[in-house]
Every structure is written in structure tokens, then in C-alpha cells.
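Hi,

Here is the structure I said I would pass on.

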Amino acid sequence: MSSGVAARRDAKKLVRSPSGLRMVPEHRAFGSPFGLEEPQWVPDKECPRCMQCDAKFDFITRKHHCRRCGKCFCDRCCSQKVPLRRMCFVDPVRQCAECALVSHREAEFYDKQLKVLLSGATFLVTFGNSEKSETVVCRLSNNQRCLILDGDNRHEIEVAHISTVQILTEGFTPGGSARATGMFLQYTVPGVEGVTQLRLMAGEDANASRRQAAAWLAAMHKAAKLLYESRDQ
């Protein structure tokens with residue numbers, strides 16, 4: 001891909017919506033597959049009372065819309081301003097208690113796991129039913145749209161085309177949880193019939209490399225959950 005095309009794909013613009021300022025992709029088709037669309041607000045005329053505590057709205061008790069779910073609440077039930085990166089808001093936005101809790105949990109993905117995915121890790125990859133594997137560095141592209149596998153050859157898998165993510169585990173860690181050792185992926189390729197699959201396995205070499213691979217797999221597991229949520233929106 002030329003640098004010019006890559007720049008256009010990564011280009012962003014600042015837009016103002018009723019919910020606040022958002023930094024969104026210049027072209028909608030190049031948005032992050034983990035993103036969420038802004039919800040339609042419940043019309044004011046359809047919510048005379050708070051949809052949480054049932055307080056009646058009047059001159060003193062004003063109504064507010066949660067920027068994540070779009071429902072109407074009083075100030076007490078919708079007072080938290082929390083970052084909402086999945087909708088590309090520049091500043092923290094007003095959310096109801098339930099949505100704020102979800103957004104707080106998602107912040108860990110953007111603050112921690114996303115950085116791990118962008119940094120990448122080393123794996124042995126096997127494509128399809130082949131018995132031959134090659135060493136690759138697998139990472140998420142900067143625009144979050146592709147998994148990039150750099151080895152003897154370079155492969156790019158569009159995240160939006162991934163249909164199955166299965167983390168492979170073995171044994172147990174001292175904390176009692178299973179240890180991630182690899183990942184099985186199924187995805188579609190434009191212009192190719194059927195489903196393509198691959199298997200990534202952590203190498204047996206240095207402990208540091210295995211730890212990095214395990215952290216990357218854990219981050220990918222979290223990313224898969226967000227991806228499925230985006231599709232179900």
C-alpha cells in the first residue's frame with residue numbers, strides 16, 4: 001500500500017454532534033471495527049420521567065440524555081462524565097450509571113490491551129491444513145483495521161472479516177487460570193470462496209517472548225469481545 005493511500009485511510013476530521021466533539025475517520029469506511037455508532041436519542045416528548053428513578057421532569061428536575069445508550073435520565077442518574085473512545089469523543093461525555101460502568105471497563109482495553117496489540121508478538125503461524133509453519137510477528141495495524149503478520153511473507157487480515165477467534169490454552173498458571181498458548185482464527189478473504197483459517201502458536205524459546213505472546217493473546221481475546229459487540233449493535 002502506498003504512503004498516500006495509507007495517509008488517506010488514517011486521515012481524521014473533527015465533527016460536532018449533539019453529544020459533543022468527535023474525532024472521526026475522514027472516510028467512514030476506514031473507521032475502527034471496534035467502534036460504536038452514536039445512538040438515537042429518545043425524543044424529549046416520549047420521556048416525561050427519568051428512565052431510571054422515575055422522577056418527573058420539570059423546571060427544576062431537568063432531563064439529560066446518556067451519550068452511550070440515548071435514554072433520558074435526571075441529573076442524579078446521569079451525572080458521570082466518562083471517556084467514550086469507542087464513539088471517538090474528544091472529551092468525557094455524560095453517561096448513565098450503567099453505561100459509565102461499561103465505558104470504565106472498556107477504558108482498560110484502550111489504555112493497556114490496545115498498546116499490547118499494536119506492539120505485536122512473535123508466533124509460529126500455520127495456514128489452513130498445511131503442516132508447515134513459519135515464524136511471524138503478529139500485530140494490529142495503527143488504524144486497528146488489520147492484523148499484520150510479518151515473516152517470510154507479509155499477510156494482512158481485515159479484522160472486520162474475522163468470524164471466529166478461539167484462544168488455545170494448556171495447563172494452569174499459579175493463579176489457577178489456564179495458560180494461553182495460541183489462537184485459532186477463521187476469516188473471509190474478498191474474492192475467495194469459503195472461510196480461511198490459521199493457527200498462531202507461541203514459540204518455545206525465551207520466557208520473555210512467551211510472556212509477550214501470552215499478553216498479546218489475552219489482549220486479542222478482549223478485542224474479539226468488543227468486535228462482536230460492535231457487530232451486534
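Before the notes, one term: a contact here means heavy atoms within 4.5 Å. Among contacts between residues at least 6 apart in sequence, 43% join residues at least 24 apart. Keep in mind that this is a predicted model.

The protein has three helices and 13 strands. Of its 233 residues, buried ones make up 36%. The accessible surface comes to about 13,700 Å², and carbon and sulfur atoms account for 50% of that.

Now the salt bridges. The count comes to seven, and here are some of them. Arg 68 and Glu 106 meet through their side chains, N to O, at 2.7 Å. Arg 68 sits in the loop between β3 (63-65) and β4 (72-74) while Glu 106 belongs to helix α2 (residues 97-119), so this pair ties together parts that are 38 residues apart in sequence. Both Arg 68 and Glu 106 are buried.

Glu 106 also has a salt bridge to Arg 86, with 2.8 Å from N to O. That pair links distant parts of the chain too: Arg 86 is in the loop between β5 (80-82) and β6 (93-95), 20 residues away from Glu 106 in helix α2.

Which of its residues are on the covered face? Those are Glu 134, Val 136, Cys 138 and Leu 140, with Thr 135, Val 137 and Arg 139 on the uncovered one.

β8 pairs with strand β7 (residues 121-127) in an antiparallel way, through five bridges. In that pairing, Phe 123 stands opposite Val 136. The β7 and β8 hairpin has six residues between the strands, and Gly 128 takes a positive phi near 55 degrees there.

β8 is also antiparallel to strand β9 (residues 146-150), with four bridges between them. Arg 139 has Ile 148 in β9 as its bridge partner. This hairpin has five residues between the strands, and Gln 144 takes a positive phi near 70 degrees.

Cheers

Technical notes: Residues numbered from 1 in each chain as written. Predicted model: local features only at pLDDT ≥ 70, side-chain atom pairs only at ≥ 80, totals over all residues. Heavy atoms only, no water. Salt bridge = Lys/Arg side-chain N within 4 Å of Asp/Glu carboxyl O. Helix = DSSP H or I, 4+ residues; strand = E, 2+ residues; numbered from the N terminus. Buried < 20%, exposed > 50% of the residue type's maximum accessible area, 1.4 Å probe, protein only. Areas by Shrake-Rupley, 256 points an atom, 1.4 Å probe, with all protein chains shown as cover. Pairing = 2+ DSSP bridges.
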